[in-house]
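Good morning. Please have the sequence and the model open, and follow along as I go through a few places in the chain.

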Amino acid sequence: MTIRRPDPREQQPPEAGDPLASAVWIRPFARGDDRAVRELVTRVLGEFDLTLDPEGTDADLADVEAAYRGGGGEFWVVEDGTGRIVGTCGLWPVPGDAARCELRKMYLDPSLRGRGMGRQLLETALEHARAAGRTRVELETNHRMTAAMALYEAYGFRRTAHGGACTARCDRAYALELG
């Protein structure tokens, strides 16, 4: 039997018993992922009664490659065996500060939560930050995202005073020193 990765453009569900149907993997963002990334971010925000802000905090989604890779950051997606994007995570370089970067857009489809994928995404981002010579990773989140905050704290992120820097949607700020 030949196992192949399904073409995500196909409308049929994967065959029963296809081992790739339940597989997920992290890969770098690629052109063509834009729409699926925006849809996932919008859907997850909606779960927490939050909305997408394309003119403000989510303007980076208009051109993910320029926003993240342009300054040495990266953006990853989690893809499932059907070609569907079910997770995102970005590491945004703070302009003018080679030591700092910001963890952004770390969202997972509910079907993946509690299965270790958040840890894998976070470890991928932290590894990239270290390799790029960053010494501080910052992030902003919302108090409703309790599981995400617990994950960040388990990795050593500490709550910081944001001094009004948080966006209207985010009311918590964290930082991790990468020693």
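Predicted model: local features only at pLDDT ≥ 70, side-chain atom pairs only at ≥ 80, totals over all residues.

I start with a definition: the expected span of a helix is 1.5 Å times one less than its number of residues. Helix α3 covers residues 117–131, which is 15 residues, so it should span 21 Å. The C-alpha atoms at its ends are 21 Å apart, and that agrees.

Which residues of α3 are buried? They are Met117, Gly118, Leu121, Leu122, Ala125, Leu126 and Ala129. After the helix comes Gly133, and the phi of Gly133 is positive, near 80°.

Now the chain as a whole. It has four helices and seven strands. In sequence order the pattern reads β-α-α-β-β-β-α-β-α-β-β. There are 179 residues, and 41% of them are buried. If you take the contacts between residues at least 6 apart in sequence, 61% of those join residues at least 24 apart.

Here is one pair that is separated in sequence. Thr57 sits in the loop between α1 and α2, where α2 is residues 64–68. Thr57 and Arg169 are 112 residues apart along the chain, while their C-alpha atoms are 8.5 Å apart in space.

Which side chain makes a polar contact with the side chain of Glu138? It is that of Arg100, at 2.9 Å. Setting aside neighbours within four places in sequence, the residues in contact with Glu138 are Arg100, Cys101, Glu102, Leu103, Tyr174 and Ala175.

Next, empty space. Rolling a probe the size of a water molecule over the atoms shows where such space is left.

The largest pocket has a volume of about 720 Å³. How many residues line the largest pocket? There are 34, and those nearest its centre are Met106, Tyr107, Met145, Ala148 and Tyr152. Five elements of the chain, namely α1, β4, α3, β5 and α4, each supply at least two residues of this lining. Strand β4, residues 100–108, gives the most, with seven residues. Sorted by class, the pocket lining has 18 nonpolar, eight polar and eight charged residues.

The count of cavities of 30 Å³ or more comes to one. The largest cavity has a volume of about 30 Å³. Its lining is made up of Gly72, Gly73, Leu91, Trp92, Pro93, Cys101, His128, Ala129, Ala132 and Arg134. Which elements give two or more residues to this lining? They are β3, residues 85–93, and α3. The largest share, three residues, comes from β3. By class, the cavity lining has six nonpolar residues, three polar and one charged.

To close, go back to α3 on your screen. This helix supplies at least two residues to the lining of the largest pocket, and it also gives two or more to the lining of the largest cavity. Ala129 is one of the buried residues of α3, and Ala129 is also among the residues lining the cavity. That is the end of my part.

Methods:
Residues numbered from 1 in each chain as written. Heavy atoms only, no water. Buried < 20%, exposed > 50% of the residue type's maximum accessible area, 1.4 Å probe, protein only. 1 Å grid on protein atoms, 1.4 Å probe; cavity = no way out; pocket = protein on both sides within 12 Å on 5 of 7 lines; lining within 4 Å. Points joined across faces, edges and corners; volume = space filled by probe spheres on them. Nonpolar A, V, L, I, M, F, W, Y, C, P; charged D, E, K, R; others polar. Polar contact = N/O pair within 3.5 Å; in protein donor to acceptor, adjacent residues only side chain to side chain. Contact = heavy atoms within 4.5 Å.
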